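This briefing is meant to be read beside the sequence and the coordinates. It is arranged by topic.

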Amino acid sequence: MPFIQSTASRAIAKVAFICIAAYVCVASLLYAQSAHKLIVDEFVYVPQIGKFYRGDWLVDQRLAVIPGYHLLMAGIARLLDLNVAGLRAVGLFFGFCGAYAFYGIRKHLGDIHAARSAALFFFLPILFPFYFLIYTDALSVTLVMFAMWASLKNKHVLSAIVLVMSILVRQNNVVWALFLATLTAWPDLKLLFQQRAWSTFGKVVGTKFAYALPMVVLAAFWAWNGTLAMSTAASQEHPGMTLHAGNIYYALLLYLIFFPSDVWRGMGSFYLQVKTRPWLLLIPIAVIACSKVHGSPSNYVSPDRFLHNGVMSAVQQGGWLLAAFAVLTSMAACSLYRPKLAVAHGRLYFPFATLYLGMSWLVETRYAILPLALWMAIRANSPDRDERISLIAWMAISSFLVYGIFDNQFMV
């Protein structure tokens, strides 16, 4: 009898969660559709989609990304006769697709709570509002998730093709092509070096050669266009082949905010490591010493509206705000020293995530979406209680962010 009652309680809880999640999605979509204003980059993206819709192939000089997303949205709008409100619903559809791919990844990795992990991914607060914004991010994340799923299933050609599609949405996704190529080849390469079986090198590399395709496509675009950004004007704000610390630090802060359980457990592990390896204290010292970071000039515009600009402006003022920022980001960095991961050789993620974040001069919240989403894909789950609390909290935060953005109060 207790077992039957427990099973019934779990079933009721699942139904209740599904109902609440559906309500949050529908309410957020309807609220976003009721806001008859364009939000920030939508002032560039929506007119560009409109041009393609009308058959005008001229690309706006303010556009930094390859307009694959804009072409797709224009095609969908023409096929289904959609207006701006309709395109916001398409973004939510991309979000559902991304959650499905994420579920496939976690299921493949043996996560017994894959459905809950997918729900956490879907309601990640820095991702959820972008389902309703006519931005590239929801589609970009979805494509990378499908590419990773295909890669883990050894469907490397399919993964490479999807990665090419993702590069046509956001050029810097080429970093994840490098990551997936390295992640899949690493076990064979490690064995090759251990056994010194150099004759098998060609075979090892050959099976992963498909991942060169996204890199070739981007190189061809760069050679043809002259800059990595779509337009010359946009390249000034998004310079290629340069590295900057701003987004790395900001991503660490977001990691601490949204994954406090992971940070707490990671700090405990780091403390134990420090007891036998005191030199590890150089990590927080280095992070703190370099914490006075700079973004682009755009990071100091309207800090009262743009949350990431508010952080940057506060850090630049120095004082206790800079000290708090330095301590918090160093805690987040230290907690990642020996993380528990669900993917073999998952530590390879860190240099690629650092490169991906460091390539962007402009500091923005949305640049941390893919690194945090991929972290969620490879991390080991937190305790059940922590995961459930996070899911409830994220749903509430996500709803609040959608309200604030589409009420024109702030931008994440």
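The points below concern a predicted model and take up a pocket, a helix and the aromatic contacts.

**Second largest pocket**
- The second largest pocket holds about 670 Å³ of space, and of the 19 residues that line this pocket, Ala13, Lys14, Phe17, Arg116 and Arg388 are the closest to its centre.
- Helices α1 (2-34), α5 and α19 (384-406) each supply at least two residues of the lining, with α1 giving the most, namely eight residues.
- By residue class, the lining of the second largest pocket divides into 12 nonpolar, two polar and five charged residues.

**Helix α5**
- Helix α5, which spans residues 114-122, is mostly covered, since eight of its nine residues are buried; among them are Arg116, Leu120, Phe121 and Phe122.

**Aromatic pairs**
- The structure holds 32 aromatic pairs, one of which joins tyrosine 100 and tryptophan 149 edge-to-face, at 5.5 Å centre to centre and with 80 degrees between the planes.
- That pair links helix α4 (residues 84-108), which holds tyrosine 100, to helix α6 (residues 137-152), which holds tryptophan 149, across 49 residues.
- Tyrosine 100 is exposed, because its relative accessible area is 51% and the exposed class begins over 50%, whereas tryptophan 149, at 17%, counts as buried.
- Phenylalanine 179 and tyrosine 349 also pair edge-to-face, at 6.3 Å centre to centre and 75 degrees between the planes; they lie in helices α8 and α17, 170 residues apart, and both are buried.
- Ring pairs link these two residues into a cluster that also includes Trp176, Tyr255, Trp375 and Trp394.

**Charges over rings**
- The charged end of arginine 78 sits over the ring of tyrosine 53, 5.3 Å from its centre, and that of arginine 305 sits over the ring of phenylalanine 306, 5.4 Å from its centre.

Key: Residues numbered from 1 in each chain as written. Predicted model: local features only at pLDDT ≥ 70, side-chain atom pairs only at ≥ 80, totals over all residues. Heavy atoms only, no water. Buried < 20%, exposed > 50% of the residue type's maximum accessible area, 1.4 Å probe, protein only. Helix = DSSP H or I, 4+ residues; strand = E, 2+ residues; numbered from the N terminus. 1 Å grid on protein atoms, 1.4 Å probe; cavity = no way out; pocket = protein on both sides within 12 Å on 5 of 7 lines; lining within 4 Å. Points joined across faces, edges and corners; volume = space filled by probe spheres on them. Nonpolar A, V, L, I, M, F, W, Y, C, P; charged D, E, K, R; others polar. Phe/Tyr/Trp six-rings, centres within 6.5 Å; stacked < 30°, edge-to-face > 60°. Lys NZ or Arg CZ within 6 Å of the ring centre and 35° of its normal.
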